[in-house]
Amino acid sequence: MKLVILGKGGQGVIFFSRIIAQAASKKAVSVRSTEIKGMAKKGGTVEIQMKIGEGLSGLVRRGTADMVILLSEDLIDYAKTFGSNIFMFTKEEIEKALSSVPMRYVNTFLLGIFVKKTKIFDCDDVSKILDEENKKSFLMGCNYVQFSPGNSSERGN
Amino acid sequence: MSKFYFSGNEAIAHGLIHGGVRFITGYPGTPSSEIIPAVQSLIKQFSLKAFADWSINEKVAYEIAYGACLANIKSAVTMKQVGLNVAMDPFMNSAYVGTVAGFVVISVDDPGPHSSQTEQDSRFMAMAAKIPVLDPSTVEEAYEFAQKAIELSEKFSIPVMLRSTTRISHGRAIVDIKDFESSNTIQPHFKSSKDWSKQLSRFAATPKQRLELHRLLNEKIEKIAAQNKPKLFFNGEILVLSSGAVFAYIYELIEEYGLQDKITLCKLDIPYPLSKEKFNFIEKFNRIISVEETYPVIELQLDTEGRRNGLVPKQGEITPEVCEEILEKLGLIKNRKTLQIPPLKRPSLCPGCAHRAALFSVKKIFGKKAIYAGDIGCYTLALNFEATDTVLNMGASVSFGFAFSKAFELGNKKQDVISIIGDSTFFHSGIPPLIDAVHYRVPFLLLILDNQTVAMTGNQKTLSTPHDFLGQPLKTVSIEDIVKSLGVNFIKVVDPYDFQNSLNTLKEAKEFLKKNNEPAVIVFRHLCINTKQGLQNNPKIPVKIEKELCKGCMICIKEFECPAIVFDDEEKKANIDKTLCISCGFCINVCPTKAITLI
């Protein structure tokens with residue numbers, strides 16, 4: 001599986017990707033990724049490309065990603081160069097995350113939404129990787145999907 | 001054996017420690033900066049007797065680590081590719097003199113470049129110095145090759161380079177790491193060796209002895225080349241030679257497109273030195289092509305196709321897409337899709353960054369006509385708001401201050417010249433040109449933006465840090481004491497958040513420069529807000545925009561360029577982005593219509 005995760009510096013994109021990688025490592029023999037983050041702290045783009053269970057490098061060729069996870073809406077045109085299956089968070093989901101947990105745990109709340117919706121990974125498996133505070137936020141994200149009407153299916157393509 | 005999801009730099013750090021390296025120095029530079037912190041974590045974890053810390057610059061780092069290897073401690077030095085330029089003198093010489101204990105030079109290249117001035121190839125530098133170089137293709141190999149590099153160095157008594165690239169150092173993979181078992185004793189010796197007189201002829205060699213050392217170096221290189229074996233994959237009539245990250249991309253493409261019977265892929269773990277005799281088997285192939293980053297190292301040694309005939313692009317990262325393009329040029333694949341990549345937003349200084357405040361004040365006093373000679377660091381981003389006109393390399397801002405000021409003086413023209421340098425860059429290489437400027441009585445203003453950290457590369461320590469990673473006390477070094485000691489008569493220290501004081505000091509410096517033929521120095525000191533301590537201690541002055549006062553002049557956007565101030569195109573007014581604003585309050589000074597006010 002080829003994933004690309006895109007966002008901005010300060011959004012916790014790298015942490016988000018590392019949790020996905022850890023969850024993936026429980027299912028696949030190999031997980032490889034590459035990070036472009038040199039200017040991340042200055043509002044630059046953070047780009048993580050990841051291959052799960054395939055390949056020798058972590059790089060994902062343009063147009064071949066199975067899924068692009070987009071944490072920053074303004075990068076949509078850039079995201080499309082990697083693949084057409086783009087997972088985005090809705091405004092409501094982002095607002096819910098911002099209003100439910102402190103800023104530093106927003107990424108794990110959103111991770112919960114991603115994991116619950118895409119079903120690529122199991123919520124229980126991911127929650128075992130996280131520390132207590134992140135786990136709480138992650139499970140809140142999972143529960144938000146589960147208990148929100150009309151929100152239970154995969155979307156964002 | 002345990003599995004870890006490591007970055008290439010963490011893998012290198014573990015490889016060095018497992019290979020017995022106990023003395024590691026370096027200077028931060030993306031993408032190499034995470035190696036030393038990872039080594040420091042291991043030193044703490046296993047209570048190792050070892051030295052691993054940052055040096056003032058790459059030349060000094062190189063000499064210290066290399067000196068330790070001469071004292072029989074396995075050593076390593078880390079830097080980015082442009083840092084190797086700074087260390088070139090000891091790098092070239094150490095090849096001749098050779099080693100006692102193993103010594104590894106880790107130079108991390110940045111094809112692209114993603115965050116560098118050049119995309120030069122450290123393997124090329126290794127070839128110039130006659131130093132063997134290992135080039136890992138995966139994160140796992142970064143771990144393995146760090147150990148191999150030490151073994152090779154010990155076997156041939158020669159410095160060995162481990163060349164990594166952004167995609168390896170900032171790549172991640174699950175790596176099998178050996179359980180830690182190593183002795184914790186350090187046994188230095190130098191003059192105590194039995195064959196000291198023989199050793200002295202290399203440690204303090206005269207030119208005549210250097211000739212002999214060069215002969216010995218050539219012998220070593222020939223022996224290493226003779227033992228350097230290629231690894232072959234697949235079975236086609238076209239031979240593609242490669243090393244480093246590019247090998248992995250081509251391997252993947254051959255599998256994906258089913259080209260196993262079209263291409264034979266040759267992997268070179270050690271791309272220099274190569275022996276043409278050892279590679280005479282390549283003559284049986286229809287075409288022989290080298291695909292490598294970023295200079296033709298394999299290509300020149302084996303005289304193959306590649307960059308020189310235009311098959312491989314002469315610049316830029318060799319991405320999987322570029323490899324695909326090469327396969328298309330070879331007629332092996334058709335109908336490759338090409339995509340237009342939209343540009344990404346340029347990076348900016350952080351919201352609340354004191355560099356922005358300092359440079360805003362400087363522009364107020366010196367205006368747009370002054371020449372702003374910039375340097376390497378976060379403040380390079382002052383390009384965005386026209387407070388930087390040149391960026392060459394570490395320390396060049398001060399040399400350029402000298403150069404521009406002298407050039408205009410020779411032409412009898414008045415010109416304000418401002419040099420802008422950070423604290424760490426000043427220590428790194430800004431001091432020697434300032435000495436020259438004092439000596440030759442050249443008037444220009446040097447601004448030292450002191451945020452007490454190496455911010456751009458991830459907040460490494462500087463000479464102002466009072467303790468090391470183990471909490472042991474260090475002697476701090478004062479910038480203003482150094483500047484004064486050089487004979488600079490105008491030296492002031494200002495907090496750039498203090499707008500009025502900043503303006504007054506800058507005016508004073510301007511007057512001083514009019515009357516005196518000598519440089520003036522202002523240290524703008526404020527802790528980096530990107531550090532925990534810096535953010536905690538920063539003033540908390542929450543601001544809002546009074547919409548009726550905002551005229552939409554965009555001075556706050558264009559002249560100040562804080563990412564937390566955004567412009568509403570519909571409303572034609574500025575807005576504060578609360579998710580980015582750190583409430584530093586400095587922008588209150590910026591708005592000409594007083595629309596930015598306290599909440």
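This is a predicted model: local features need pLDDT of at least 70, side-chain atom pairs count only at pLDDT 80 or more; totals for chains, interfaces and linings use all residues.

Mentor: On the chain A side 33 residues take part in the contact, and on the chain B side 38 residues do.

Now the polar part. The rule finds 13 residue pairs in polar contact across the interface, counting pairs with both residues at pLDDT 80 or more. It also finds 5 salt bridges between chain A and chain B. One of these joins Lys51(A) to Glu252(B), with 2.8 Å between the closest N and O atoms; that distance lies within the 4 Å cut-off, so the pair counts as a salt bridge.

As for where the chain A side comes from, at least two residues each are supplied by helix H1 (13-25), strand S2 (31-36), strand S3 (45-52) and helix H2 (76-80) of chain A. S2(A) gives the largest share of the side that touches chain B, with 6 residues. Sorted by class, the chain A side holds 12 nonpolar, 11 polar and 10 charged residues.

S2(A) also pairs with a strand of the other chain. Its partner is strand S8 of chain B, residues 171-177; the two run antiparallel and are joined by 3 bridges. Within this pairing, Ser33(A) has Arg172(B) in S8(B) as its bridge partner. To put the strand together: S2(A) supplies 6 residues to the side that touches chain B, and S2(A) is joined by bridges to S8(B).

Note on methods:
Residues are numbered from 1 along each chain as its sequence is written. Chains are lettered from A and ligands numbered from 1 in the order in which they are written. Side-chain values use heavy atoms; hydrogens and water are left out. Contact means heavy atoms within 4.5 Å. A salt bridge is a side-chain nitrogen of Lys or Arg within 4 Å of a carboxyl oxygen of Asp or Glu. A polar contact is a pair of N or O atoms within 3.5 Å; within protein, one must be able to donate a hydrogen and the other to accept it, and residues adjacent in sequence count only if both atoms are side-chain atoms. Helices (H or I, at least four residues) and strands (E, at least two) are DSSP runs, numbered from the N terminus. Ala, Val, Leu, Ile, Met, Phe, Trp, Tyr, Cys and Pro count as nonpolar, Asp, Glu, Lys and Arg as charged, and the others, Gly among them, as polar. Two strands pair if DSSP finds at least two bridges between them.
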